[in-house]
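Please keep its sequence and structure in view while reading.

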Amino acid sequence: MKKNIFIVGSRGYHYNYGGWETFVTNLVDNYNDIDTKFYISMITDKETDKKYSPRKNVIVDPIYVKSKGSIRMLIYPIKAMNYYLDYIENNNIKNAYIYILGLKLFDYLKRKRKRIKKLGIKILVNPDGLEHERSKWSYPVKKFFLLSEKLMLNYSDLIICDAIGIEKYIHKKYPKLKNNTKYIAYGTNEVNINEKDEDKVLEEYKLKKDNYLLVVGRCVPENNLELIIKDFMKSKIDKDLLIITNLSSGSYYKKLLNITDYKKDKRIKFIDGVYDELKLSIIRKNAYLYIHGHSVGGTNPSLLEALSITDLNILYDVCFNHDVGRDACLYFKEEGSLTKLLNDKKNLDKNKQVLGTKAKEIIKDYYTWDIIVNKYKDIFK
């Protein structure tokens with residue numbers, strides 16, 4: 001029987017490879033089932049944008065949102081849901097699933113419950129991380145996400161948790177939903193790299209193999225860039241620190257500059273985003289080590305990509321990261337702990353020879369897209 005999966009919550013397909021967009025793109029590109037059709041909502045500020053099909057059985061539907069700022073991303077999923085409910089009803093679509101990414105719909109599922117049930121739609125929600133703990137939100141916004149979490153999870157048919165820690169959190173906070181969750185992480189795929197590509201990319205970014213430590217992630221407080229920079233500046237390691245982040249959006253970078261005064265350390269370099277998958281993989285591969293400071297969220301795509309290709313990974317010690325990295329990584333948390341690791345060059349070199357193999361085995365055994373897609377196929381029957 002034909003399955004119809006409607007995805008709401010990502011900004012679209014590809015779209016500069018943000019977290020949700022990376023997930024959606026890889027999910028549909030690796031699904032390869034002729035009996036499954038995907039519909040992906042895409043936010044746009046142009047009323048003239050048309051739907052398009054990037055590949056067979058995948059339709060991208062533009063959702064026009066006139067509003068700007070933070071309210072824009074709250075209006076968008078509501079408009080997308082309204083569009084898909086109408087589309088499913090008007091086209092008499094059967095065996096429909098709506099997969100909602102994130103927790104921005106508040107009481108929408110409760111208000112539309114009768115209509116959703118009447119149309120026979122199954123609702124899946126992926127809460128991502130602990131949105132109410134993100135420091136970028138004000139107190140009222142954090143309260144909104146807490147209430148939205150409760151309402152959306154209680155009015156969904158299945159909750160997809162992309163980290164074991166998220167599933168444990170839901171089980172503890174909402175005991176009645178224990179049988180309503182399923183753990184499915186993100187995935188990653190091997191990127192084909194040749195020596196010619198490597199030389200060209202390293203030259204483009206003025207990098208030398210094993211001569212830099214790497215950080216990749218959004219410039220937000222919960223990614224612990226302040227801690228990483230300060231601990232690095234106190235270290236004696238004779239290598240650069242390369243931070244790839246979103247310098248062109250958000251105000252935290254300017255605050256970070258003032259807090260750390262990092263420009264007085266010539267070893268520290270920032271790059272404003274690298275969205276070419278091949279280039280980023282080459283930068284990862286040639287790094288001496290990767291530092292992952294994310295402290296809020298589920299299984300982070302950037303972490304999986306690092307484990308698949310970088311030989312030594314140092315992670316911020318929270319359950320989400322530990323569940324993935326296990327004994328294949330080193331960990332830091334309190335101030336000074338990263339400095340201590342970086343100053344022990346002999347120990348770093350020793351672990352670099354061993355832990356990279358372990359990390360790649362973890363990816364191979366648990367996190368390839370073939371494995372992840374097969375888990376989704378068990379749901380969308």
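The questions below move from the whole chain to single residues.

Student: On what basis are the residues numbered and the values computed?
Tutor: This is a predicted model, in which local features need pLDDT of at least 70, side-chain atom pairs count only at pLDDT 80 or more, and totals for chains, interfaces and linings use all residues. Side-chain values use heavy atoms, leaving out hydrogens and water, and residues are numbered from 1 along each chain as its sequence is written.

Student: What radius of gyration does the chain have, and what would a compact globule have?
Tutor: The radius is taken over C-alpha atoms, and the globule rule is 2.2 Å times the number of residues to the power 0.38. With 381 residues, a compact globule would therefore be near 21 Å, and the chain agrees, at 21 Å.

Student: Which residues have the most contacts inside the largest nonpolar core?
Tutor: A nonpolar core is a set of buried Ala, Val, Leu, Ile, Met, Phe, Trp, Tyr and Cys residues joined through side-chain atoms within 4.5 Å; buried means under 20% relative accessible area, with a 1.4 Å probe and protein chains only. The largest such core has 69 residues. Helix 2 (residues 72–90) gives the most to this core, with six residues; helices are DSSP runs of H or I of at least four residues, and strands are runs of E of at least two, numbered from the N terminus. The residues with the most contacts inside the core are Ile98 and Leu241.

Student: Is Leu158 buried or exposed?
Tutor: Leu158 is found in strand 7 (residues 158–161). Not counting residues up to four places away in sequence, Leu158 touches Ile123, Leu124, Val125, Asn180, Thr181, Lys182 and Ile379, where contact means heavy atoms within 4.5 Å. Because its relative accessible area is 17%, Leu158 counts as buried.

Student: How far apart in space are Leu158 and Ile379?
Tutor: In sequence, Leu158 and Ile379 are separated by 221 residues. From C-alpha to C-alpha, the two are apart by 9.3 Å.

Student: Where is Lys206 found, and what is its phi near?
Tutor: Lys206 is found in the loop between helix 7 (195–204) and strand 9 (212–216). At 73% relative accessibility, Lys206 counts as exposed, a class that requires over 50%. Most residues other than glycine have a negative phi. Lys206 has a positive phi, near 55 degrees.
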